[in-house]
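This report looks at spaces inside a protein model and at some of the strands and residues in it. The structure is shown first.

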Amino acid sequence: MNLPIRLFSAGLFFALLNVCFADVKVPPIISDHMVLKKSAKVPIWGTADPGEKVSVSLNGQTVSTHATPDGKWNVALNLSKSRPGPFKLVVQGKNKITVSDVVVGEVWIASGQSNMEWFLKDTINASATIAASSNPLLRQFSYAKNAPPAPTDDFGGKWVVAGPEDSANFGAVGYYFGKTLQKELSVPVGIISTTWGGSPLEAWTRAEVIDAMPNVQSKRQRATEEILTYPALRTTYVESFGKWLRETGREDRPVADAVVSAFAGKDIPGDGWTTVKLPGGIAGSGLAANGVIWLRRDIEIPAENTSKPLRFNLGRTARFDTVYLNGRHFQSFTYESYPGVGFSKIVTIPPGQFVAGKNTVAIRVYAPVDPVQFDPSPKLVRTALDGEWLAKTEYEFPPLDAARLAAAPQPPKNPPDAQNVPGFLYNGMIHPMLSYAITGAIWYQGESNVARAVAYRKAFPLMITDWRQRFGQGDFPFYFCQLANFTRKTNSPGDSSWAELREAQSMTLKLQNTGQAVLIDVGESDDIHPRNKRDPGERLARIALAQTYGQKIPYSGPVYSQMQIENGKIRLKFDHTDGGLIARPLPGTDLLVSADNKTAPLIRNTPESQVEGFAICGDDRKWVWADAEISGDYVIVWSNQVPTPVAVRYGWANNPTCNLYNGAGLPASPFRTDDFPEITAKGEF
């Protein structure tokens, strides 16, 4: 991960530019291959010497201004009647900037966490899709990750054009969304991809706004202070620990090639090696308490996995490790480079650096203070390398008395990950582009907020409303993905934090000009990142085509509207039944991990029912699976175990089995008719 100190280097560079501009400059988003919105007001901005005259020209139109005393300038082009292009945009001050291959059409932000970030190259049928992706009118600006503690005007990134050379690294949901719009509208489409995997919604929201949520302000301020003070504390630790090592004679020794061959090479005799089990402490006959110990183990890599990078996770402990594969050094974690407990040690070995079949992993552990401990075990991809390893001492340090050991400096407390702090991603990845003319935004996020789903009901609309106010472009369209199904299926109905988060997302539809793509049928039980990104992108595009561009097409699956209890059954009314309600046949298997072709038999909860996924309860609030059948725009729900029903739920689980659709092939949104207490009601940031 990026250390906090690195997050500020770009900001410092920009600050220096403000001191000595010299040349007129524009931000990275105003660059070759960019897409400008077809609109009456399209800002172009940058920096120059105070008072410097700056002109901007495109397709025969020229506008001019002078830089303000702080060296900033901003003009607006009228592109409401512009042809698509391509054009050249020229910025003229004391120097001249020419931006080539500029097109005019529709511009959408694609934001959120990892499922929006997910690359096209990692999706279903990726190779064929990328090979056929040439489209000069579909482009993406990929925003460089940046999470500073205060709003900044500095950012990085570049525009690329869809095609076999570049489409692999398009965000997949944004790619399918943009591809669909481009095909249907026959205009250029630009996607501004600004994402960060694992990030919570609070990080994407302006600090002054998200502070309205309980306890956020105090936690944000504390986290900010820890991040700002960490670099100095870290420098002090490195200096003091290095001094302690020198004074105690416990500095590490250079590793000669002969040592590597003797400990890390393949097919080394087992003489002198001790068998140890991980996870746990490394101890046994001939093994040093302090010094350097080597661990080694042979692993088998299937031929089909040799085209993918090999990733090791050595955990979050304060050891100093060096990783070798087949006798070759790949990465070291030293006291100078490794921040300490709390940061995962990730080693990535690219394809071509290992072979199909047997490979030898060796870990050289330098332990000048604490005994060697692996807890948890090292991990390889999805497989924990638990079990037996061979261990052998390279050299041992003489014992130190307790007082000198206790005097060893400890690394400072690790600060929070900057991308998780409220407001930080807004500061670095939304605020800098507030001047850019956009059509709307698409959003895929929520997995990191599941534990506080009820709070999401307030936090999500707060973010959307503030983005709209900050951009100053009206209540622009904001369309989002409802969370996909995830985690192993359960055999009994009940409460679900994932269902409560989906409900919070659905409640956000009360905001003007919003839309929701339901993904309850595209998830994978054992993988939070479904490889099917075509359906999410195309379902979002349906919403945009209908609500933004006025096409008369179905854009939503069935949505529950009202209920009526009659004769021991509950009658449910639905909107968006385009083509009629349909119970789709269920597959015979549950998809576990599509990347590994892993499945399990699908267990039906109500195998005799026409519609699967409903639960029902009486006044006792004990949920049971219900039978259900379609009757026009209604679904009738009942159970012989509940003669006097009071409430119904549909798709109310982390990973429900459900099959209600409309004639347009869009799935019904999960819902409940009750208002029973939520299990995430007390969840706070």
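Strands, as the word is used here, are DSSP runs of type E with at least two residues, numbered from the N terminus. A pocket is an open set of grid points, and its lining residues have an atom within 4 Å of a point. The model is predicted.

## The second largest pocket

Among the elements around the second largest pocket, β25 gives the most to the lining, with 4 residues. Strand β25 covers residues 514-517. At least two lining residues each come from α11 (497-507), β25, α12 (534-548), β26 (559-566) and β37 (671-672).

The second largest pocket holds about 580 Å³ of space. It is lined by 28 residues, and those closest to its centre are S506, L509, Q516, V559 and S669. By class, the lining of this pocket divides into 15 nonpolar, 9 polar and 4 charged residues.

## Cavities

The model has 3 cavities of 30 Å³ or more. In the largest cavity there is about 50 Å³ of space. The residues that line the largest cavity are E202, M213, P214, V216, R452, A455, G683, E684 and F685. Of this lining, 5 residues are nonpolar, 1 is polar and 3 are charged.

The second largest cavity has about 40 Å³ of space. Its lining includes N115, Y444, E447 and W498, and also A484, N485 and F486. In this lining, 6 residues are nonpolar, 3 are polar and 2 are charged.

Where in the chain does N115 lie? N115 belongs to helix α2, which covers residues 114-117. Is N115 buried or exposed? N115 counts as buried because its relative accessible area is 0%, and the cut-off for buried is under 20%.

The side chains of N115 and E447 are joined by a polar contact of 2.7 Å. Not counting residues up to four places away in sequence, N115 touches V173, Y444, E447, I528, H529, P530 and K533.

Strand β3 (residues 53-58) pairs with strand β4 (residues 61-66) in the antiparallel sense, over 6 bridges.

Leaving aside neighbours within four places in sequence, V56 is in contact with I44, Q61, T62, V63, W73, V75, L77, L89, V90 and V91. One of these, V90, is 34 residues from V56 along the chain, yet the C-alpha atoms of V56 and V90 are separated by 5.7 Å.

## Strands β23 and β24

Strand β23 (residues 440-444) and strand β24 pair in the parallel sense over 3 bridges. Which residue of β24 is the bridge partner of W443? The partner of W443 is F480.

In a regular strand, side chains alternate between the two faces of the sheet. Strand β24 (residues 478-481) has F478 and F480 on one side and Y479 and C481 on the other. These residues are all buried, and both faces of β24 are covered.

Technical notes:
Residues are numbered from 1 along each chain as its sequence is written. This is a predicted model: local features need pLDDT of at least 70, side-chain atom pairs count only at pLDDT 80 or more; totals for chains, interfaces and linings use all residues. Side-chain values use heavy atoms; hydrogens and water are left out. On a 1 Å grid over the protein atoms alone, a cavity is a set of points where a 1.4 Å probe fits but cannot get out, and a pocket is an open set with protein on both sides within 12 Å along at least five of seven lines; lining residues have an atom within 4 Å of a point. Grid points are joined across faces, edges and corners, and a volume is the space filled by probe spheres set on the points. Ala, Val, Leu, Ile, Met, Phe, Trp, Tyr, Cys and Pro count as nonpolar, Asp, Glu, Lys and Arg as charged, and the others, Gly among them, as polar. Buried means under 20% relative accessible area, exposed over 50%, partly exposed in between (1.4 Å probe, protein chains only). A polar contact is a pair of N or O atoms within 3.5 Å; within protein, one must be able to donate a hydrogen and the other to accept it, and residues adjacent in sequence count only if both atoms are side-chain atoms. Contact means heavy atoms within 4.5 Å. Two strands pair if DSSP finds at least two bridges between them.
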